[in-house]
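Here are my notes on this one, jotted down while going through the model. Have a look at it first, then read on.

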Amino acid sequence: LNPWDVMLCVSGTAIACENALVVAIICYSPALRTPMFVLVGSLATADLLAGLGLILNFVFQYVIRSETVSLLTVGFLVASFAASVSSLLAITVDRYLSLYNALTYYSERTVLCIHTMLAGAWGVSLCLGLLPVLGWNCLHDPAACSVVRPLTKSNVTLLSASFFLIFLIMLHLYIEICKIVCRHAHQIALQQHFLTASHYVATKKGVSTLAIILGTFGASWLPFAIYCVVGDPDYPSVYTYATLLPATYNSMINPIIYAYRNQEIQRSMWVLFCGCFQAKVSFRSRSPSDV
């Protein structure tokens with residue numbers, strides 16, 4: 001057994017378990033039907049599928065050796081991870097809208113916008129996953145192979161370019177969110193004639209949280225995306241594994257950042273596992289910009 005394949009399988013198992021719990025909580029709780037939690041559910045579903053894809057890839061690689069199965073598994077992984085990254089972008093857009101259009105956020109237009117974004121994200125992800133299955137692969141042309149077999153160099157270049165574009169959009173939106181948060185803190189300070197320590201701490205915490213979110217996303221995916229562009233299929237496969245494994249960690253961290261920190265989901269977990277809600281534990285309802 002290749003130790004890297006084992007680590008990917010273990011990573012996939014952890015990803016699947018974490019995100020399956022999030023999906024179960026959101027499906028179990030009728031209160032979690034707002035656009036915010038629809039987006040979190042979409043992210044958890046995509047990461048759940050990605051985790052299952054890693055497990056299936058390990059099983060089929062060592063149990064069932066077939067070109068058709070290999071293509072289907074790779075296409076499944078591409079679609080799942082693409083849906084995960086797209087869902088992260090949708091969550092970022094939702095956060096921006098919740099701050100920029102705070103007065104009109106809770107409207108039917110927002111619900112329609114969220115559903116449209118998710119439909120587009122999953123549609124594009126499915127198309128990207130079908131490309132290698134429909135023939136954009138290097139099974140019959142080894143010279144066209146990329147560092148991720150059986151994907152071609154042009155295929156991984158397209159995927160990497162898409163990631164870079166999404167990363168830049170997220171970076172721009174989070175910078176705008178930081179500006180809005182700082183502007184709100186300044187307006188509150190002007191109304192109260194001074195900037196209290198609590199306002200400073202809250203603003204600093206909000207900016208730090210956004211930096212952690214974007215930094216985690218970039219640190220997980222950027223090495224793999226860059227290597228897909230500059231790497232050569234003749235390089236040792238350990239380079240591919242060493243950059244791909246951290247990318248999978250993003251799907252492992254997502255539930256912690258976007259789900260388990262949310263107090264509404266924490267309350268639903270109490271209900272799901274304990275059968276009743278402990279009234280002595282207080283929860284504060286959060287807005288999308290807090291999630």
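**Notes on the fold and two local spots**

1. Going along the sequence, the pattern reads α-α-α-α-α-α-α-α. That is 8 helices and 0 strands. Keep in mind that this is a predicted model.

2. On the overall numbers: the protein has 291 residues, and 44% of them are buried. Its accessible surface comes to about 14,800 Å², with carbon and sulfur atoms holding 69% of that. Among contacts with a separation of 6 or more, 75% link residues 24 or more positions apart.

3. Now helix 8, which covers residues 263-274. Its 12 residues reach 16 Å from first C-alpha to last, close to the 16 Å expected at 1.5 Å a residue.

4. Which residues are buried in helix 8? They are Gln263, Glu264, Ile265 and Ser268. The buried residues of this helix pack against helix 1 (3-28), helix 2 (35-62) and helix 7 (237-260).

5. Next, Thr110, which sits in helix 4 (residues 108-133). Why does Thr110 count as buried? Because its relative accessibility is 11%, and the cut-off for buried is under 20%.

6. As for the neighbours of Thr110, leaving out residues up to four places away in sequence, it touches Thr104 and Tyr105. Leu97 is 13 residues from Thr110 in sequence, and their C-alpha atoms are 8.7 Å apart.

Conventions: Residues are numbered from 1 along each chain as its sequence is written. This is a predicted model: local features need pLDDT of at least 70, side-chain atom pairs count only at pLDDT 80 or more; totals for chains, interfaces and linings use all residues. Side-chain values use heavy atoms; hydrogens and water are left out. Helices (H or I, at least four residues) and strands (E, at least two) are DSSP runs, numbered from the N terminus. Buried means under 20% relative accessible area, exposed over 50%, partly exposed in between (1.4 Å probe, protein chains only). Contact means heavy atoms within 4.5 Å. Accessible areas come from the Shrake-Rupley method with a 1.4 Å probe; for residues, only the protein chains shown count as cover. The expected span of a helix is 1.5 Å times one less than its number of residues.
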